[in-house]
Every structure is written in structure tokens, then in C-alpha cells.
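Hi,

Here is the structure I promised to pass on. Have a look at it first, and then read on for what turned up in it.

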Amino acid sequence: MNQTILILGAGGQIGNELTLKLRSIYGSKNVIASDIKSCERLFNSEGPFEIIDATSRDAVLKVIQKYQVTQVYLLAAMLSATGEKFPQKAWYLNMTSLLVVLDLAKEKYIKQVFWPSSIAAFGPTTPKHNTPQKTMMEPSTVYGMSKRSGEFWCQYYHEKYGVDVRSLRYPGVISWKTKPGGGTTDYAVDIFFHAIKTQSYECFLKPSTRLPMMYMNDAVDATIKIMQANVKDIQIRTSYNISAMDFTPEELAKEIRKHIPKFTMSYHPDFRQAIADSWPQTINDSYARRDWNWNQRYDLSLMTKDIIKNLQAQKNLEFNAL
Ligand code: AKB
């Protein structure tokens with residue numbers, strides 16, 4: 001399958017690892033990394049990099065034409081917590097970039113689009129446990145509103161113009177290579193860095209706040225899998241529920257303590273608690289499993305072991321370099 005891929009927002013948490021994985025599959029020169037600011041060093045200067053404002057149709061089109069891009073992964077976005085501080089900016093960035101890319105697909109400049117939705121598209125009136133694919137969705141954050149509206153735009157462009165746009169409702173994604181920024185689930189990433197460095201962490205959510213989560217390796221695999229799936233298997237054109245694990249801050253701390261026994265956790269909930277409380281706790285992803293064979297590889301214990309092993313190796317490297 002010959003593809004030339006453009007990643008918008010490649011410098012972000014998911015964009016970074018997705019770019020590296022796509023380059024290993026399609027070849028570095030066929031995957032163009034882009035971001036609003038220079039972050040070429042993240043990719044060891046392998047493969048093309050372009051500075052692009054994803055809200056500018058001209059800037060996106062110029063690069064699509066320069067490289068004859070066939071697929072766009074749109075990962076530029078403002079997340080839930082930052083979105084509440086800058087509601088208008090979040091709406092503008094999240095919606096304008098999506099409509100720019102959908103229009104370019106409608107006009108046949110590109111063949112396929114990936115756009116991430118999120119568990120933030122759900123809201124306080126959604127059933128919290130085993131949240132179904134199709135259910136009540138009344139998000140209470142601007143980020144969630146942009147995701148829910150974006151899902152409808154994706155479905156609309158597919159039904160009206162035949163645009164092949166595919167989407168996943170990501171849970172909190174946990175990584176150790178690149179940190180997220182401005183999300184409500186970010187504690188589950190920060191905690192690992194603090195556990196390695198200072199063996200303590202102050203959490204901004206209450207100990208019992210259960211949220212759906214996924215290890216980055218699985219999130220990247222799911223993203224590529226849905227994009228590679230046969231078009232006839234993609235039955236949902238809003239966005240698919242996907243799930244891998246769910247846990248509370250207290251449970252994550254306990255798991256970390258199996259590897260770092262001295263690790264301590266304190267709690268100081270802030271405005272992000274209300275956001276977390278409005279989201280589901282566990283997700284039913286049976287449509288993704290049925291339609292394109294989604295299956296996760298990591299649970300809480302495997303993920304924790306893998307992250308701590310990698311961060312410890314990184315720390316030893318830094319230490320030896322001194
Ligand atoms: C956030 O916390 O805002 C994101 C998300 C769940 O979409 N990680």
C-alpha cells in the first residue's frame with residue numbers, strides 16, 4: 001500500500017510516537033511530520049518536517065501538494081484542562097483545523113483522514129460504567145463540545161461527500177517518551193516521572209477517581225489499525241469507543257509501589273476534578289472489536305512495568321553521561 005502521510009501536530013504526545021511508528025512502516029521519507037513550531041529534533045532529523053498552522057487551509061494545502069500527500073492524521077488540538085482556560089481558542093483550533101482537513105478531503109486533495117475524538121465527548125448524563133458506543137452525550141467542557149461536534153462533522157462529510165474519515169474516542173493515553181500537555185488524565189503520566197525522580201507525587205485528582213486509560217503503544221496500534229482497516233469494515237463514522245484499562249490514582253500508586261516501594265502520593269484536587277467527574281469510568285468498545293478486531297496488549301501491570309523499566313534505563317543513561 002503506497003501512502004504519503006502528513007501528521008499535523010507531530011510534536012505532541014501522540015503525534016510524536018505515531019510519526020515514529022508510521023515511519024517504521026511506510027518509510028521515513030513518506031511520513032511528513034509537522035507542527036506549529038519547530039520540533040525536528042524529536043525525530044532525529046530523519047524524514048521531512050514542515051512548520052504548519054493546522055488552521056490555515058493554504059499552509060496545509062501547500063504541503064499536501066508539495067509531497068502529494070494521500071493521508072492526513074490531524075493531531076493538533078487543545079486538550080480539556082487548557083481548553084477551559086482558553087475556551088474560544090480551544091474551539092477555534094479544534095474545529096477550524098478539522099474543517100480545513102475535511103474540506104481538502106472533500107475536494108479530493110487527500111484520500112483519507114484520521115481525527116481523534118475522546119472520552120471527553122461524553123458528559124455527566126452519560127452512563128458511567130461500560131459506557132456504550134451510542135448513548136447520551138452532553139459534554140460539559142469546550143474540548144468535549146469540540147469533540148462531539150467534530151464527530152458529527154466527520155459523519156456528515158462521510159455521508160454527504162464520501163470522505164473517508166476515521167476516528168477513535170481516545171481514553172487517557174499514557175506515555176513515557178513525550179509528555180502530554182493540558183489534559184485531565186495527565187496525572188497518570190506525570191506520576192511516573194515523579195516516582196523515578198523524587199519517589200513522591202501530589203495528584204490533582206481525588207484518590208478514587210476512576211478513568212478509562214490506555215498505554216501509548218496500544219493507542220498508536222489502534223490508530224494505525226483503524227486507518228489500515230478495509231473501508232467496508234468501518235461501520236461507525238462518528239468515532240469508535242476504544243478501551244484498554246481503567247484505574248484510580250490510588251490503584252496506580254499501588255501498582256507503582258510494587259516497583260518503587262518508597263513511592264508516596266498526596267492529593268490536592270483542583271478544577272480538573274470536576275472535568276474527570278463528568279467523564280465515564282469504563283468504556284464498552286465492542287463495536288471496535290467487532291468491526292476491525294481491536295484488541296489491547298497492555299493492562300495496568302504490564303504498562304507500569306514497561307514504563308518504569310524504560311524511565312529507569314533513561315535515568316541510568318543520563319547518570320552515566322555525567
Ligand atoms: C484530556 O485529558 O484532555 C485528554 C483526553 C481524555 O482526551 N487526555
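Which residues does T70 touch, leaving aside those up to four places away in sequence? They are Q3, T4, I110, K111 and Q112. Before I go on, please keep in mind that this is a predicted model.

A bit more on T70, then. You'll find T70 in the loop that runs between α2 (57-67) and β4 (71-74). Its relative accessible area is 14%, so T70 counts as buried, the cut-off being under 20%. One of its neighbours, Q3, also meets T70 side chain to side chain, in a polar contact of 2.7 Å.

Now the overall layout. The protein chain splits into domain 1 (5-171 + 215-241) and domain 2 (173-213 + 244-281 + 299-321). Each side brings 28 residues to the contact: 28 residues from domain 1 and 28 residues from domain 2.

What do domain 1 and domain 2 bury between them? The figure is about 2,300 Å², and 62% of it is on carbon and sulfur atoms. On the domain 1 side, Q13, K128 and Y215 lose the most area to domain 2, and together they make up 34% of what that side buries.

How many salt bridges does the rule find across the interface of domain 1 and domain 2? The count there is 0. Polar contacts do turn up, though: 13 residue pairs between domain 1 and domain 2, with both residues at pLDDT 80 or more. If you want to look at the domain 1 side by element, α1 (13-26), α3 (80-85) and α7 (216-228) each give two or more residues to the part that touches domain 2. Of these, α3 gives the most, with 5 residues. Sorted by class, that side of domain 1 has 12 nonpolar, 12 polar and 4 charged residues.

Start with E151, which shows up in two of them. One partner is R148, with the closest N and O atoms 2.7 Å apart. R148 and E151 both sit in helix α5 (residues 142-161), 3 residues apart, or about one turn of the helix. Both R148 and E151 are buried. The other partner is R169, whose side chain meets that of E151 at 2.8 Å, N to O. This second pair links distant parts of the chain, with E151 in helix α5 and R169 in strand β6 (residues 164-170), 18 residues apart. R169 is buried as well, like E151.

Then there is K309, which forms a salt bridge with D306; the closest N and O atoms are 3.5 Å apart. Why are K309 and D306 about one helical turn apart? Because they are 3 residues apart in helix α11 (residues 300-321). Are the two partners buried or exposed? K309 has a relative accessible area of 54%, so K309 is exposed, the cut-off being over 50%. D306 is at 17% relative accessibility and therefore counts as buried.

There is also a network of salt bridges, which links K21, D218, D221 and R297.

Helix α6 (residues 187-197) is mostly covered, with 8 of its 11 residues buried. The buried ones in α6 are Y187, A188, V189, I191, F192, F193, A195 and I196. Just past the end of α6, Q199 takes a positive phi of about 60°.

Last, E251, in helix α8 (residues 249-257). At 32% relative accessibility, E251 counts as partly exposed. Not counting residues up to four places away in sequence, E251 touches R210, D246 and L300. For a sense of distance, E251 and G182 are 69 residues apart in sequence and 23 Å apart in space, C-alpha to C-alpha.

Happy to go through any of this together at the screen.

Cheers

Note on methods: Residues are numbered from 1 along each chain as its sequence is written. This is a predicted model: local features need pLDDT of at least 70, side-chain atom pairs count only at pLDDT 80 or more; totals for chains, interfaces and linings use all residues. Side-chain values use heavy atoms; hydrogens and water are left out. Helices (H or I, at least four residues) and strands (E, at least two) are DSSP runs, numbered from the N terminus. Buried means under 20% relative accessible area, exposed over 50%, partly exposed in between (1.4 Å probe, protein chains only). A polar contact is a pair of N or O atoms within 3.5 Å; within protein, one must be able to donate a hydrogen and the other to accept it, and residues adjacent in sequence count only if both atoms are side-chain atoms. Contact means heavy atoms within 4.5 Å. Domain bounds come from an automatic or database domain assignment. Buried area is the accessible area (1.4 Å probe) that two parts lose on being put together, summed over both. A salt bridge is a side-chain nitrogen of Lys or Arg within 4 Å of a carboxyl oxygen of Asp or Glu. Ala, Val, Leu, Ile, Met, Phe, Trp, Tyr, Cys and Pro count as nonpolar, Asp, Glu, Lys and Arg as charged, and the others, Gly among them, as polar.
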